[in-house]
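Hi there,

Here is the structure I promised to pass on. Have a look at it first, and then read my notes below.

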Amino acid sequence: MRGDVEAIFGQVVDAARALGVSEIEAIVAGSDEALTRFANNAIHQNVAERTTHLSVRPVIDGRTARASTNRLTREAIREVVAEAIAIAKLTEPDEDLPPLARSAEYQGVERWFEATARATPEERARAVAEAIHAVEAAGQTAAGIYSTGESAFALLNSRGVSARHTETMARFSITAMAADSSGWAKASACNLAALNPLELALTAARKAAGSTTPRELPPGRYTVILEPAAVLDLTGQMFPDFSATAIRDGRSFLRDRIGKQIFGENITIHDDVGHPLQSGAPFDGEGVPRKRLTLVERGVVREVAYSRQAAALAGAVPTGHGFPLPNELGEAPTNIVIAGGETSLEQMVVSTDRGILVTRLWYIREVDPYEKIFTGMTRDGTFLIEGGRVTAGVRNFRFNQGLMEMLSNVEALSAPVRASGEETYDMVAPAMKVREFNFTEVTRF
Amino acid sequence: MKDLALSALDAVARRGVTYADARALEIREREVTTKNGKAGHVSSSESMGIGIRVLAFGCWGFAATDDLSQSGIQSAAVLALEIARAGTAARKQEVTLAPEQKYEATWVSPFQIDPFSIPVDRNLGVLLAVDAELRRVPGVSLAEASMHFERRRQVFASTLGSLIDQTRSMTGAGFAALSYKDGEIQRRSYPNSFGGQYQLKGYELVEELRLLENAPRVAEEAVALHSADQCPEGESDLILDSSQLGLQIHESIGHPIELDRVLGSEANYAGMSFLTLDQLGRLRYGSEIVNVVCDARLEHGPGLGTFAFDDEGVPAQATDIIRGGRFVGYMTSRETAAAIGQSRSNGCMRADGWERLPLIRMTNVSLLAGEQSLEEVFDVDHAIYMETNRSWSIDDKRYNFQFGCEIGWEMRHGKRVRMLKNPSYSGISTEFWNACAAIAGPHHWTLWGVPNCGKGQPEQVMGTGHGASPARFRNIRIGSAYAG
């Protein structure tokens with residue numbers, strides 16, 4: 001990250017004071033990230049980006065606005081502060097706008113790892129070459145990514161908040177393609193030592209090999225075994241609704257459902273930024289420490305997230321899940337941990353007389369916001385289970401599935417893992433065996 | 001800006017490359033939103049940086065930085081070359097590019113009113129007036145309105161000798177009324193969902209949209225949907241409004257014709273395409289009245305995919321994609337055009353910022369207007385008419401899709417006989433387009449902007465344009481979203 005955060009903030013405060021404004025917040029965020037992308041068994045896109053930006057927000061008699069820049073000269077900082085103040089003054093006062101947050105203690109999390117931050121293009125290329133070789137050896141074609149990078153985030157304000165977070169992140173995902181089938185695997189970790197690209201490549205290749213000549217099954221209600229990435233990408237769609245502001249606005253499916261049993265008794269979900277498999281900053285967009293929330297306990301909705309503004313309106317306590325102000329959405333939990341069970345994926349298969357094993361889901365979109373019905377497709381490894389074993393690949397299905405129904409029909413859960421998909425935040429999630437999953441159409445492959 | 005681009009280009013060119021380009025970019029944005037009578041998001045941002053792309057050792061390397069000091073640019077240049085060299089560890093063949101000319105040009109997209117000349121309080125005044133109209137209708141529980149303005153100046157320099165200075169200004173605006181009642185959420189948006197209409201225009205777009213005038217009707221429809229019948233499940237003739245048809249084009253034509261998808265570049269993320277190379281010139285994509293173009297020229301209209309040159313220095317072009325129902329063209333880049341033996345790129349490489357690599361992206365992929373009047377499009381014994389997208393999903397090869405819309409109408413002999421809630425339809429892309437029976441004429445053709453198209457790793461979000469007029473399709477599966 002370019003520049004010294006304290007020095008930048010000092011210039012922000014000085015610039016604001018020169019314009020007669022004493023209440024000011026600054027976010028200084030930077031990242032240094034690189035991604036090696038491969039397709040057709042060769043590296044084809046190979047990129048790196050270094051960015052730093054400054055974002056400032058004054059509070060002036062109940063008015064606020066945000067201005068951002070990535071120019072960090074003294075003059076540019078003066079300009080961005082002046083812009084934020086100028087547009088804030090053009091808004092009407094909002095009696096519900098909270099003053100800037102005061103400083104608070106937050107739990108430290110160690111999420112920066114030297115090896116991840118310093119990974120070179122050569123290291124990524126070597127790992128990619130090895131993964132490609134494994135897929136090629138199976139007579140297949142590989143495509144995927146290996147990314148590494150570090151980020152730094154600092155939020156400071158004139159009331160004493162000085163919240164900092166640094167983190168590294170490594171991601172590897174791979175799709176192995178045979179003539180009429182494919183397989184996929186993905187993992188992410190703050191410490192790249194926790195990633196095993198070769199193992200992921202072998203998993204993808206095994207799935208592609210196991211799903212050749214896919215059978216076409218009729219749509220209908222099936223018992224499904226959803227691998228953790230599929231659980232993540234589907235259930236992850238509902239967590240923006242665990243927001244006091246969303247409920248107040250009438251756009252959350254939890255309106256009139258807090259305290260009610262809406263899922264099965266085997267479903268318990270927390271938001272826990274401190275979980276060892278989680279990532280992210282231990283404070284929110286105003287610098288408020290993130291609290292551990294019990295979102296769902298044995299199927300009953302217990303807690304939702306509150307920003308400072310939402311908490312003030314509801315007479316509740318802020319939970320540390322607010323987005324940077326000003327915004328319309330309020331808050332949301334983003335460090336989801338779904339409690340698991342003791343049934344391994346293999347045991348789920350063995351216990352299934354007839355069902356579908358799903359590797360991942362794709363293009364998931366909301367069909368009904370209150371019944372929480374989603375549609376989407378299976379992708380890259382969809383298998384038929386017969387008599388307790390995987391017997392064939394099947395053509396991909398379209399589903400239209402309500403989440404309340406699905407999470408009431410969970411028959412077994414595996415131990416949770418850090419799961420990574422493409423449609424929502426990474427989270428800690430188990431595999432699930434679900435009865436009567438609603439497949440409504442079949443596609444051509 | 002020009003000095004920056006040339007300095008970056010020089011930093012890599014003197015180290016020895018097969019080809020290189022540099023894009024220096026300055027982006028200015030403003031977002032203003034309101035929610036239930038109050039300002040929501042009010043923000044202003046600027047971003048400036050440079051992206052350096054090199055072709056060396058037979059491989060691509062790309063590095064971007066916002067450290068625009070000489071040392072910052074030199075460091076990015078060295079990194080781009082290191083990255084290209086590292087790519088040789090997994091190289092199958094050297095990258096080759098279709099030839100292109102050298103261009104020196106300056107181009108500014110036209111607008112009548114500079115959106116940044118309008119003060120924020122005037123933006124808020126317009127949006128709050130709309131908000132008040134929406135909430136005047138009993139039953140509206142949430143009113144949201146927004147404006148978004150963006151200006152991008154980019155200087156592109158390449159080792160071909162090109163130096164291209166382009167400035168594009170974009171405006172977006174719209175609103176939505178949401179109604180929660182008895183365990184049901186209904187929403188109506190205007191003029192389109194997901195933020196409204198976006199075009200390569202100035203503030204004049206906001207005035208053209210007549211936001212305030214349409215607010216009462218839209219709010220009333222949101223509330224009335226609670227009392228409407230559920231869209232039936234079955235087969236029916238289907239009529240789509242032009243905004244929904246724009247998204248249908250985007251998903252079931254725009255993405256499949258991206259040649260990088262076809263060739264496997266996106267296999268791990270966005271997916272591939274059913275339009276394999278053997279289909280070009282042969283596939284009956286749609287009925288004979290279906291004609292689709294990919295057109296980035298200003299003559300096509302002020303779309304989000306309108307420009308003078310793409311992000312690898314290729315001039316804007318018009319390409320036939322579907323002619324008389326037959327599939328005849330892909331969207332290409334210099335690399336992919338060469339890969340399939342075409343002599344030239346048709347200019348579809350675009351990056352969503354200075355920090356990202358150009359990819360093949362839709363420009364303006366549009367269904368050309370038909371010859372029917374609007375009355376002829378609607379003139380059937382029975383059909384379901386759907387307006388304004390609510391959900392969209394399609395498989396990773398772009399065969400099977402399902403769309404939901406905000407509102408539906410049962411039509412008999414061209415007349416609306418009842419409102420339908422939760423309408424949806426689904427199908428297979430080519431079957432759907434082959435069922436196209438009528439397309440309204442040019443008076444009803446609108447060039448819609450899709451501001452949020454995702455593609456690539458790291459993901460890039462791009463604005464694309466889609467022209468369409470209302471059209472009718474025979475025997476389409478409807479109501480599938482609530483099946484089972």
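What share of the 445 residues in chain A is buried? Buried residues make up 60% of them, where buried means that 20 or more other C-beta atoms, placed from the backbone, lie within 10 Å of a residue's own.

Before going on, please note that this is a predicted model, in which local features need pLDDT of at least 70 and side-chain atom pairs count only at pLDDT 80 or more, while totals for chains, interfaces and linings use all residues. Residues are numbered from 1 along each chain as its sequence is written, and chains are lettered from A and ligands numbered from 1 in the order in which they are written.

**Overall shape**

The C-alpha atoms of chain A fill a box of roughly 75 × 55 × 35 Å along the principal axes.

**Two domains**

Chain A splits into domain 1 (5-194) and domain 2 (214-445), with bounds from an automatic or database domain assignment. Taken over C-alpha atoms, the centres of these two domains of chain A are 25 Å apart.

Where they meet, 34 residues of domain 1 of chain A are in contact with 28 residues of domain 2 of chain A; contact means C-beta atoms, placed from the backbone, within 7 Å. On the domain 1 side, β5 (141-157), β6 (162-177) and β7 (182-189) of chain A each give two or more residues. These strands are DSSP runs (E, at least two residues), numbered from the N terminus. β7(A) gives the most, with seven residues.

Best wishes

Conventions: A residue is buried if 20 or more other C-beta atoms lie within 10 Å of its own, exposed if 12 or fewer, and partly exposed in between; C-beta atoms are placed from the backbone. Two residues are in contact if their C-beta atoms, placed from the backbone, lie within 7 Å. Helices (H or I, at least four residues) and strands (E, at least two) are DSSP runs, numbered from the N terminus.
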